[in-house]
Amino acid sequence: MTDSSILLDCRDGVAEITLNRPERLNSFNAEMHEALKSALVTIRRDSTIRCLLLTGAGRGFCAGQDLSDRKVAADTGPPDLGESIEQNYNPLVRSLTALEMPVICAVNGVAAGAGANIALACDIVLAAESASFVQVFCNIGLLPDSGGTWMLPNMVGLARAKGLAMLGDKLPARQAEQWGLIWRCIEDDALMSEARQMAAHLATRPTAGLAKIKRALNEGASNTLDQQLDLELQLQTVAGRSDDYREGVAAFLEKRAPQFKGS
Amino acid sequence: MSVILCSHPTDNVLQITLNRPEQRNALTNDVLKAIGDALHEGKARCAVVTGNPKVFAAGADLKELATMKAIDCHLDPRPELWKRLYHSPIPWIAAVNGLALGAGCELALHADIIIAGESARFGQPEITLGMIPGAGGTQRLIRAVGKSTAMRMVLAGEWLTARQAHDCGLISEVSVNELTIETAVALAARITQQPPLAVREARKLLLTAYETPLQQGLDMERRAFSLLADTADRQEGIAAFFDKRPAQFEGR
């Protein structure tokens, strides 16, 4: 189904989602939001899936909101951008961060506006050398959404966050890596093979444990040390009862490779 | 199949698990009666009432309600069944994961302490069905969460997340879902380790506070305080403190 705006391919524990409106740089319209939502529900309900890889088709990753979409057009009176955020972007960011498995984003080209911040909401971000991140919001009188104003200062500090958000300059992938905004910048040709290799590897790891790591690190940004110590205690108590913990320890003692089930 | 399951996670703690998952633990009169019986009959000194990971209890039985006219509601023995829960001889803790809606929220409000997992949601959505709460969802709720929050919940049918419920004082602790029940059981066990007579008097006074003018409550507190001065457990508690050893309370 190449005419669908979202492609979902599930195999060997990995779900690969491709944003598929390359002629519009994979920008979001209502239909793509719906398709992405249902793909994420499918993934959440499928207990065999242990890693999600998100990428874009064509030369861009995602150009954010499609400004020609009827719902956000400004020519027929002021649009309700809040509605679109409440219905689409916020739930999307929440479901990516709540998904109990690692989420890799392979940023294959420009990631602009909400597209940049959705990429940054993923757990491990890989970007092609030719890719870039652009907080375009400031150029049209808006502010970064999809969690951008929370993630940017947390990831690169307030000074760089303000520069990015108020100037709207293109941040090349290489510099994003140097700033600590993403995990790695990779040669264009190698991006997808490396991303898939990483996804395949993560899909064999202790998924529930990785989900706890993700959760604790995400919440850490807004917790006090005291709260975080309590959270670690509770999550570790639960993790200590998992089959994967038992298997991990047994494999270590027996000097063999562990066979994790993900739970 | 029994509507509730009873177990004893420790010697003195009774765990009551609502056991009608297919009906989302809807609280029929039978269920309320079974909970009341368990609280009144057992030899436990503290109880934990819980549901399943998805639902604590999602309301009354709507099919049953739909058939009831005013006079049926008026003659319904249900208020007496609720009262029996409130007048439980032992303290009990609601351990809530998932939905606590309508009568389910009111059941939690009857508990002495509520502990919840992050998945817990508290709501009184009766208004959306053309009804209002009928078992404390206006009276107990407003005392537990304050006026504005109670109004939002009851007039607009809004739910509270576990965090919101904690912030407004409805519940005493939020834990990760997997640990909700054992957190409640551990707390129950700590209560059972305290001197039984003092626990009973203190609980009675705390519950009376909602219904008594301050001076009258203070007088009652002082009377109970004085009465307990003659207990063996008080002597033991103080002696153990000075001897730096754990107290051995006997309920005398």
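This is a predicted model: local features need pLDDT of at least 70, side-chain atom pairs count only at pLDDT 80 or more; totals for chains, interfaces and linings use all residues.

Residues are numbered from 1 along each chain as its sequence is written, and chains are lettered from A and ligands numbered from 1 in the order in which they are written.

**Stop 1: chain B as a whole**

The average for chain B is 95, and 100% of its residues score at least 70. For the complex, the predictor reports an ipTM of 0.82 and a pTM of 0.89. Along the principal axes, the C-alpha atoms of chain B occupy a box of roughly 60 × 40 × 35 Å.

In a cartoon view, chain B shows twelve helices and ten strands; these are DSSP runs, with helices being H or I of at least four residues and strands E of at least two, numbered from the N terminus.

**Stop 2: the two domains of chain B**

Next, select 4–192 as domain 1 and 196–243 as domain 2 of chain B; such bounds come from an automatic or database domain assignment. Over C-alpha atoms, the centres of these two domains of chain B are 27 Å apart. Five residues of domain 1 and four residues of domain 2 of chain B make up the contact between them, where contact requires C-beta atoms, placed from the backbone, to lie within 7 Å.

**Stop 3: where the chains meet**

Show both chains. The contact between them draws four residues from chain B and four residues from chain A.

**Stop 4: the cores**

Select I104(A), V107(A), A111(A), A119(A) and A127(A): in the largest nonpolar core, of 68 residues, these touch the most other members. A nonpolar core is a set of buried Ala, Val, Leu, Ile, Met, Phe, Trp, Tyr and Cys residues joined through C-beta atoms within 7 Å; buried means that 20 or more other C-beta atoms, placed from the backbone, lie within 10 Å of the residue's own. Domain 1 (6–202) and domain 2 (207–253) of chain A both contribute residues, so this core lies between them.

Centre on A119(A). Beyond its neighbours within four places in sequence, A119(A) contacts F61(A), C105(A), V107(A), A111(A) and V125(A).

Finally, select A47(B), L109(B), A150(B) and V174(B), which are among the members of a second, separate core of 64 residues.

Terms used. Two residues are in contact if their C-beta atoms, placed from the backbone, lie within 7 Å. A residue is buried if 20 or more other C-beta atoms lie within 10 Å of its own, exposed if 12 or fewer, and partly exposed in between; C-beta atoms are placed from the backbone. pLDDT is the predictor's confidence in each residue, from 0 to 100.
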